[in-house]
Amino acid sequence: MKRKAEDSHGAKPVPFWAMGLLKTMKDPKYILNSDNQITIIKDMYPKARHHFLVLPNTDIGSLKTLTKDHVPLLQHMIKFGQNYVEEHHQSVAFKFGYHAEASMFRLHLHIISEDMDSLALKTKKHWNSFTTEFFLNPQQIITDLRENGQVQLPTKEKCKEYMDMPLKCHKCELKPKNMPELKRHLLTHLV
DNA sequence: GTTCTAGAAC
DNA sequence: GTTCTAGAAC
């Protein structure tokens, strides 16, 4: 019998790259602002002209480990992000949200400008992670915690369904046949 | 998460 | 023949 990529307890090993955010949030080159609770950084591979991440300074792995006690922190993360973009990018429209399944360790709130104009935006998965229900409303996360004490996450199957959805423009009804067509089309929505 | 690339799609 | 995507990465 061949051994799978699991340790003796059956837990999946965390790949080294999944720890990347912990390093990035300590790198002055990427840090935009911080306080004693949270840090806001530039995403290393921005999927739009402006793409930031707000992370708690304490060791919160993901949405799965959140409890009611985290509600004030989560509210602070949103407010901190709002203040940052209002001060530095006043005329730019942003979306705030969490990925239902994050690849990178350490909870992170995405703040991404609505242009989606970026060389690093390459795949259907990239696109659907910001434009389908895979992208979770941060206020809904807080509501879940208040009402249920935990976050209501879509199942693994639902997440795969969102990732596999056909491409659709987030600003109009166009359904491009592939990524290059989508990216060309996005330019027509730029101001 | 990204990079790389085989083979599918065109 | 070229473009494009999906899956492996020891």
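Where does UniProt place the feature "domain: HIT"? The unreviewed entry puts this feature at residues 18–121; UniProt positions are given in the numbering used here, feature names are shortened, and annotations may be inferred rather than shown by experiment. This is a predicted model, in which local features need pLDDT of at least 70, side-chain atom pairs count only at pLDDT 80 or more, and totals for chains, interfaces and linings use all residues. Residues are numbered from 1 along each chain as its sequence is written, chains are lettered from A and ligands numbered from 1 in the order in which they are written, and side-chain values use heavy atoms, with hydrogens and water left out.

**Fold and annotated span**

- Chain A has six helices and six strands, where helices (H or I, at least four residues) and strands (E, at least two) are DSSP runs numbered from the N terminus.
- Read from the N terminus, the order of elements in chain A is α-β-β-β-α-β-β-α-β-α-α-α.
- The radius of gyration of chain A, taken over C-alpha atoms, is 18 Å, close to the 16 Å that the globule rule gives for 191 residues, so the chain is as compact as a globular protein of that length; the rule is 2.2 Å times the number of residues to the power 0.38.
- Along the principal axes, the C-alpha atoms of chain A fill a box of roughly 50 × 50 × 35 Å.
- Residues 18–121 are 22% helix and 25% strand, and the end C-alpha atoms of this span lie 19 Å apart.

**Surface and contacts**

- Of the 191 residues in chain A, 40% count as buried (buried is under 20% relative accessible area, exposed over 50%, partly exposed in between, with a 1.4 Å probe and protein chains only).
- Chain A has an accessible surface of about 11700 Å², and 54% of that belongs to carbon and sulfur atoms; areas come from the Shrake-Rupley method with a 1.4 Å probe, and for residues only the protein chains shown count as cover.
- Contacts (heavy atoms within 4.5 Å) between residues at least 6 apart in sequence join residues at least 24 apart in 62% of cases in chain A.

**Cysteines**

- The count of disulfides (pairs of cysteine sulfur atoms within 2.5 Å) is zero.
- Cys169 is in no disulfide, and the nearest cysteine sulfur, that of Cys172, is 3.8 Å away.
- Cys169 counts as buried because its relative accessibility is 1%.
- Cys172, at 23% relative accessible area, is partly exposed.

**Arg184**

- Arg184 lies in helix α6 (residues 179–187) and is exposed, with a relative accessible area of 54%.
- The C-alpha atoms of Arg184 and Asp117 are 9.6 Å apart, with the two residues 67 residues apart along the chain.
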